[in-house]
Amino acid sequence: MANIDPAIVAEEDRLWHELSSTLEGFTPEQLLAPGYYAESWSAKDALAHVGTWLAEAGSALEQIRGGTYVPLKAAEVDEMNERFLEAMRDASARDVSAQATAARSRMLRAWADAPDDGLSADWIRKSGPDHYREHLPRLRQWLDELRSSAATT
């Protein structure tokens, strides 16, 4: 990742480990409990969402490097979110975790070969640290809610 700002590398790694650590705090049953979002998302669904965008970032970085990248339209993002959620809905928590980890590894490999340009950096920030930062507060809150609920039953 010679072309990438070391601060972004460190931030991505730190926040990924925070996300992973937070998810490890859920019991297997809690990972599947709906309520993370009103749309019946679970913590597993949140990880699937992050993982599929990491996979998308890996693809985008490879396309940027190859000169074949076509930017997403704003309307496509919501459609892709729905499609990704549906595709991962029936996957086990173990498979979702493996997919997210593999997608991150692919993104990091693609990142190492990506051009040193704003477009590559934008994909990294949006799919990596900014995305982790977006979901971490609610994941922590959801974990606290589930733990409180379990303590009162």
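Predicted model: local features only at pLDDT ≥ 70, side-chain atom pairs only at ≥ 80, totals over all residues.

Me: Why is α1 called roughly antiparallel to α5?

Reply: Two packed helices are described by the angle between their axes and the distance between the axes. The axes of α1 (6-24) and α5 (93-113) come within 13 Å and cross at roughly 175°. Axes are lines fitted to C-alpha atoms, for helices over the stretch in contact, and angles run from 0 to 180 degrees between N-to-C directions. Angles under 35 degrees count as roughly parallel, over 145 as roughly antiparallel, 65 to 115 as roughly perpendicular and the rest as oblique. That crossing angle therefore makes α1 roughly antiparallel to α5.

Me: Which residues make the contact of α1 with α5?

Reply: Contact means heavy atoms within 4.5 Å. From α1 come Ile 8, Val 9, Glu 12, Asp 13 and Trp 16, and they meet Ala 100, Thr 101, Arg 104, Met 107, Leu 108 and Trp 111 of α5. By class there are seven nonpolar, one polar and three charged residues. Here Ala, Val, Leu, Ile, Met, Phe, Trp, Tyr, Cys and Pro count as nonpolar, Asp, Glu, Lys and Arg as charged, and the others, Gly among them, as polar.

Me: How do you know whether Arg 104 is buried or exposed?

Reply: Buried means under 20% relative accessible area, exposed over 50%, and partly exposed in between (1.4 Å probe, protein chains only). Arg 104 has 12% relative accessibility, so it counts as buried. Arg 104 is found in helix α5, and leaving aside neighbours within four places in sequence, it is in contact with Glu 12, Asp 13, Trp 16, Leu 54 and Tyr 132.

Me: What makes α6 and α7 roughly parallel?

Reply: The angle between α6 and α7 (residues 129-151) is about 20°, with their axes 3 Å apart. That angle is why α6 counts as roughly parallel to α7. Ile 124, Arg 125, Lys 126 and Ser 127 of α6 make the contact with Pro 129, Asp 130, His 131 and Tyr 132 of α7. Three of these residues are nonpolar, two polar and three charged.

Me: Why is Arg 133 called partly exposed, and why is Leu 15 called buried?

Reply: Arg 133 comes out at 37% relative accessibility, so it counts as partly exposed. Leu 15 is at 4%, and therefore counts as buried. Arg 133 is found in helix α7 and Leu 15 in helix α1. Not counting residues up to four places away in sequence, Leu 15 touches Pro 129, Tyr 132, Arg 133 and Leu 136. With neighbours within four places left aside, Arg 133 is in contact with Glu 11 and Leu 15.

Me: What makes something a pocket here?

Reply: On a 1 Å grid over the protein atoms alone, a pocket is an open set of points with protein on both sides within 12 Å along at least five of seven lines, and lining residues have an atom within 4 Å of a point. The largest pocket holds about 360 Å³ of space, where a volume is the space filled by probe spheres set on the points. Its lining has 15 residues, and Trp 53, Leu 72, Val 77, Trp 123 and Lys 126 lie nearest its centre. The lining divides into eight nonpolar, four polar and three charged residues.

Me: Why is Ala 93 called partly exposed?

Reply: At 23% relative accessibility, Ala 93 falls in the partly exposed range, so it gets that label. Ala 93 touches Leu 31, Leu 32 and Lys 44, not counting residues up to four places away in sequence.

Note on methods
Residues numbered from 1 in each chain as written. Heavy atoms only, no water. 1 Å grid on protein atoms, 1.4 Å probe; cavity = no way out; pocket = protein on both sides within 12 Å on 5 of 7 lines; lining within 4 Å. Helix = DSSP H or I, 4+ residues; strand = E, 2+ residues; numbered from the N terminus.
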